[in-house]
Amino acid sequence: MTELTLKKLTQSLITGVGLLALFGCAPSGQQSAEPAPTLSLERIYTDKEFNSERAPYFRWLDDGSGYTVLEARSKDTQQTDDDSHGVTGNDIVFYQPDGSGRKVLITVEQLTPEGADDALSIENYQWSEDGKWALIFTNGQKVWRHRTRGDYWVLNLESDSLYQLGGETPKETSLMFAKFSPDSQKVAYVQDNNIYVETLGSKNVTALTTDGSDTIINGNFDWVYEEEFSITDGFRWSPNSKAIAYWQLDQSGVEYFTMINNTDSLYPALTRFPYPKAGEQNSAVKVGVVSLADQQTHWAPLTGDNRDRYVPRISWAGTSEEVLIQDVNRPQNTNVLRLFNWQDNTLETIYTDKDDAFLEWYYAAEWQEDGSHFVFHSERDGWRHLYRISRDGKSIIDLTPGEYDIVDLITINEATNSIYFTASPDAPEQRFLFKGSLDGSTPVQQVTPMTFTGNNRYYMSKDASYAMHTHSRFNQPASSQIIKTTGHEPVTQLTTNDELKAQLAKESLPQHEFFRVEARDGVVLDGWIMFPPNMDPTKQYPIIFYVYGEPWGSTVQDSWGGSSYLWNSMMTQKGFIMVSVDNRGTRAPKGRDWRKSIYKKIGSLTVRDQADALDAMAERWPQIDTSRVGVWGHSGGGSSTLNLLFRHGDKFHVGVAQAPVADIRYYDTIYQERYAGNPNTDPDSYTQTSPITFAKDLQGELLLVHGTGDDNVHYQGTEALINELVKHNKQFEFMSYPNRSHRISEGEGTTLHLQTMKTNFFLEHLKP
């Protein structure tokens, strides 16, 4: 139902025309159909009744001729002449884009080490450039967010020789980021914070760095770089395979944070790791190039204090002579792109990206093969666009002109002079595929047909000839297909989720719509709203906001939300109106001014937008009971929840804050200083936006939830908030989850327990 239609129908109710038919209430005397089943927490989180069918995880071959997948097989299902049986694992299998031409490229037998009972469990794999070797990652262990440390094995596809990397006596689960050299002769990897290179087939290992330690990190990253710059692999092979460019971080002097595990052993266990909080000392960062010939590192002569700069991205500049270094100042409002000639030991500045507030993100430069130009993301004209920049920085061409943001760069095809990216110029909650030209000579065109209104994601082959296309909508689970990119022509259907769609059709699900309202200063805010099934339009209903509110994400998207959608639907069945609004500053494709307007105002302007949205919605929909308003959120959304209860307690009465940043002084340097400035020079920014400052003004009902093993948003901040609430005799409810991380999901029964507690809290205090 459109916004205009619902508004007219609401007005007709006021003039005496009933809306019972609109919301599904049967007229008096009419026999009602068999009632639909009711959603429950157990059905959603325990029984997994609504699990989605997912497309197979596959890898495109570079030439677009097909893809490879892992297929489970037991060795005893294949006829053999020996007595082996029970050996299980995965074959690596090739298919053409249409699903035909099946060919087993690597068998379970080939991946079974000599004397082992089972084949290697494949967590990741890659091919050498010459196609003669396969590299297998297995036995992965989690390092911060990701399973990046484990064992690597190489398989010679010509001789069937399989062996483990790491020299003659490999150290178990100790290697990171192994990858082939471009000439397919060697593999480089990180071990114990040093970079090594191993000649394929010989087990001959050479240490390229030797100073790695607990404080000196080569080819790897500390906690804050991985978390806030989304990078883990810290080295890059040169195109000619003769050198490696890498990051080095020096953690000495960075304060350690300590987490306590009280429950896994008789005595508490401590986990300590360097974590720079806002305003504190960072790791020093350096960029070097090490030559394989002499194992000597040539350091980029970056001037200034290496503890007050960031290097979020580096890349070889098309050739093997120079490395492009993105040199970012500590306030993160200036990114200087410098070419480092590692043999001449010179630096040349070729381009500078600046912003009066902050740079929203850091994207890798995509170089043309000859190194003459690169493609770069920038908001230099007020929108996130793609630019083609010459090597000397003198020629800059906007490849995606117009008043809209690109969302994601999908691929570049130099041979066809084309670039593919996603965007949504007219509806920020949707995503479509677009095609432009690499030289800017032809206008941008939309590739996704409008029949796929909603959210569209693409995994494209390197040559851009084929793509896996996944489409979903707010209340419609995803379907996936392989398409021929030209004409968006379907090739083969991978998933439909027809069974789940049929199951959902039996449920009593809510009506929903996307809407827009204005904040007090005229800024347009986007949102979605879900109404109770069979809602009586003559009555009023409590409303619950789901909020995030920070620059890291957006909640208003026309895409399938899985269990989140189902929980919201369950709450509408219980008599709630559910809503989410993107306040300004969220990662919506609405331009630079939208995103940067919240500089030093997260927690003040952002939550004021939410309060303004509530006022505007109440005027539009009189069914909203403004005396019963709830809100919940996680992480930054937990912080927003606290600020709404503390600063707008006259409008928001009940809140559940999960893993919130109660005092932004306790969060890390990279994230917090980017958006709030430095607390040493701008303390008011931190005071006026931190929830803890306003805890004394709590009026309503608060449920505070945190995991004690949260290495991201520390439990420490919640304890500080508890002290402040106690100090002012503010009553609240509290739940800590022992040793759970930021997600609060580990441990048997955790998700169901948390969701039950949250549900019951809203039922008790908002009384639908």
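This is a predicted model: local features need pLDDT of at least 70, side-chain atom pairs count only at pLDDT 80 or more; totals for chains, interfaces and linings use all residues.

**Exercise 1.** How much space lies in the second largest cavity, and which residues line the second largest cavity?

Step 1: the volume. The second largest cavity holds about 50 Å³ of space. A cavity here is a set of points on a 1 Å grid over the protein atoms alone where a 1.4 Å probe fits but cannot get out, and its volume is the space filled by probe spheres set on the points, which are joined across faces, edges and corners.

Step 2: the lining. Lining residues have an atom within 4 Å of a point. Here they are Pro 660, Val 661, Ala 662, Asp 663, Tyr 666, Tyr 667, Val 713, His 714, Gln 716 and Gly 717.

Residues are numbered from 1 along each chain as its sequence is written, and side-chain values use heavy atoms, with hydrogens and water left out.

**Exercise 2.** Where is Gln 658 found, and is Gln 658 buried or exposed?

Step 1: Gln 658 is in strand β42, residues 654-658. Strands (E, at least two residues) and helices (H or I, at least four) are DSSP runs, numbered from the N terminus.

Step 2: its relative accessible area is 4%, so Gln 658 is buried. The cut-offs are under 20% for buried and over 50% for exposed, with partly exposed in between (1.4 Å probe, protein chains only).

Step 3: look for contacts (heavy atoms within 4.5 Å). Leaving aside neighbours within four places in sequence, Gln 658 touches residues including Trp 632, His 634, Leu 754 and Lys 758.

**Exercise 3.** Which residues are buried in α12?

Step 1: find the helix. α12 covers residues 750-766 and has 17 residues.

Step 2: list the buried ones. They are Thr 750, Leu 754, Gln 755, Met 757, Lys 758, Thr 759, Phe 761, Phe 762 and Leu 766. Leu 754 and Lys 758 are also contacts of Gln 658.

Step 3: check what follows. After α12 comes Lys 767, with a positive phi near 45 degrees.

Definitions and conventions: The expected span of a helix is 1.5 Å times one less than its number of residues. On a 1 Å grid over the protein atoms alone, a cavity is a set of points where a 1.4 Å probe fits but cannot get out, and a pocket is an open set with protein on both sides within 12 Å along at least five of seven lines; lining residues have an atom within 4 Å of a point.
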